[in-house]
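Visitor: I am new to this structure. Could you walk me through it in short questions and answers?

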Amino acid sequence: MPASLHPRFDTMNPIASANQRPLTLLLCALGGEGGGVLTEWLIEAARHAGYAAQSTSVPGVAQRTGATTYYVEVFPVPLAQLQGRQPVFSLVPAPGALDVIVSSELLETTRQIANGMADPTRTQVITSSSRSLTTAERMALGDGRADAAQLLEVVRRFSRAHQVLDMAAMARECGTVISSIMYGAIAGSGVLPWPRAAFEAAIHDPASGKAPGATAAASLRGFARAYEAVNAPRQQAAFVDALLKDPKVEATPAPTLPADLASRFPPAVHEMMALGHARTLEYQDGAYASRYTDRLARVLDAERASDPAGAHGWAITREMARWLALWMAFDDIVRVAALKARASRAERVRMEVKAGEADLLRVYDHFKPGVPEFAALLPPALARRLQDWDRARQRRGQSPWALPLKVGSHSVMGMAALRLLASLRRLRPIGSRFAEEQRLIEHWLAAVQAGAREDWALGHELALCGRLIKGYGSTNERGKANLLHIVDHLARSPGRTPAERAQAIAAAREAALADEAGTALDATLRAHGAPPRPVAEQPIRWMRRPPRSQGQGA
């Protein structure tokens, strides 16, 4: 029961009136984000400013499977005006009786709203636009992410006012933790009745549990950044409007399509094609990016055969622009080395571990390339000999050959080794894996072209099968095998109309994404008159898994 309604308080405090109820705040933080420290700061700030406050917490489970919620009540009348009397606070939040909900993760915010905590006429919601995917979202073989636009719409509908910040990005830029960003956002919202100086004093105060020095300075930077963002209503309104229109707003400018290419393709394709062109150009070279655009031009010509006016928004070409670029930029050890050698990666690591300019940071990257990784860069004849040698070793009971490496990317020699490995991308076009990937891509591309010329829906469903190509190692191999099996046995089913084949392909694709073991896919294939996938021997993996780094932030 809130303090203003508690009979003992109302009787003992003649000053309190019906509109002098406590201010109620619900704070939601994930594991390791400093929610407990945030609560201590708020209580300390109230003490500095001369207000009565109380906090309680309900622990969640580990990391992303749940959040810890902290409940804070602050009586808006200074203690000096209460004539020695103390308010009696509630220990738990009452649904619909909250003034503020502050959350570091968008889905957690909507979860609290779904529990009835927010009142559209009373509750102000301050939330981060950033996402930390749930276990259920990560388990989906397809795109299992919750729709950010729908989540933001829930926040808008069930709040009196709302502020949406990218708290994770702010914390990284300021070299601090999200709790200081949440703290600054609360201060900037103006819901609590004390000045900014009282909030900042709590960060400096030893009683807050935070050590002075660099940590406090970083916390103050984060506090100031969020305070200004929330305290500037016009900027905040523009930020929210942009997020509601496009939840995937990028902090960096998106690449643009060269003018000569833009004139060859309809505007509906430009945005996705620009991203794909930039990715293939960065992955290999200009000739490879030209191969990407030439392949898309073939798809566009096929789509025009069945939809000359582009009534479907050139969706086949747009989907191919996405999935073709991802397949053409397949992961290999050269790509991994190039990513780890980037200057932006070193800056990100220093930011994540909160290393100062005077701090020494050592980062060790662990590689374990085996025969698949080396064979991928060799011409097909040499690659087969190397793979045969490794298979013979395994038949004798030996483990697959691999070369464990520990590379200190903080050192000159370590960075030189990474850059040398990244420079081997020149060898990709003569490598056995490159040739095999291009052959499979052309097989899929030909099926999409033929399907699009025959029937638009059939071509569209075949283009969407690019979703099956993802990951690395066995996941990547399984996805390619599933795609090729669907193309070979469902795209050309004799005796079936194009509409029936399109429906069968869509059902098989969704079954493949829903079940990693392939049981659902085999059942769907049989239901549509296609043979189940053959039981093949374990393939030679091109990539076991991406090399991991030792230490924080790597």
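Visitor: Which residues form a nonpolar patch on the surface?
Guide: This is a predicted model, where local features need pLDDT of at least 70, side-chain atom pairs count only at pLDDT 80 or more, and totals for chains, interfaces and linings use all residues. Residues are numbered from 1 along each chain as its sequence is written, and side-chain values use heavy atoms, without hydrogens and water. A patch joins nonpolar side chains (Val, Leu, Ile, Met, Phe, Trp, Tyr) within 5 Å, from residues with over 30% relative accessible area and no salt bridge. Together, about 230 Å² of accessible area (Shrake-Rupley method, 1.4 Å probe) belongs to Phe-374, Leu-403 and Leu-405.

Visitor: Is Leu-405 buried, partly exposed or exposed?
Guide: Leu-405 is found in strand β8, residues 405–408; strands are DSSP runs (E, at least two residues), and helices are runs of H or I with at least four, numbered from the N terminus. Buried means under 20% relative accessible area, exposed over 50%, and partly exposed in between, with a 1.4 Å probe and protein chains only. Leu-405 has 38%, so it is partly exposed.

Visitor: Which residues touch the most other members of the largest nonpolar core?
Guide: A nonpolar core is a set of buried Ala, Val, Leu, Ile, Met, Phe, Trp, Tyr and Cys residues joined through side-chain atoms within 4.5 Å. The largest one has 56 residues. Its members that touch the most others are Met-273, Trp-444 and Leu-483.

Visitor: What is Leu-483 in contact with, leaving aside neighbours within four places in sequence?
Guide: Contact means heavy atoms within 4.5 Å. The partners of Leu-483 are Trp-327, Trp-444, Cys-465, Gly-466, Leu-468 and Ile-469.

Visitor: Is Trp-314 buried or exposed?
Guide: Trp-314 sits in the loop between α13 and α14. It has a positive phi of about 55° although it is not a glycine. Its relative accessible area is 10%, so Trp-314 is buried.

Visitor: And Gln-83: buried or exposed?
Guide: Gln-83 lies in the loop between β3 (68–74) and β4 (100–103). Its phi is positive, about 55°, although it is not a glycine. With 53% relative accessibility, Gln-83 is exposed.

Visitor: How many residues of helix α15 are buried?
Guide: The helix covers residues 333–340 and is largely enclosed by the rest of the structure. Its buried residues include Ile-333, Arg-335 and Lys-340.

Conventions. Patch = residues over 30% accessible without salt bridge, like charges linked within 9 Å, V, L, I, M, F, W, Y side chains within 5 Å. Salt bridge = Lys/Arg side-chain N within 4 Å of Asp/Glu carboxyl O.
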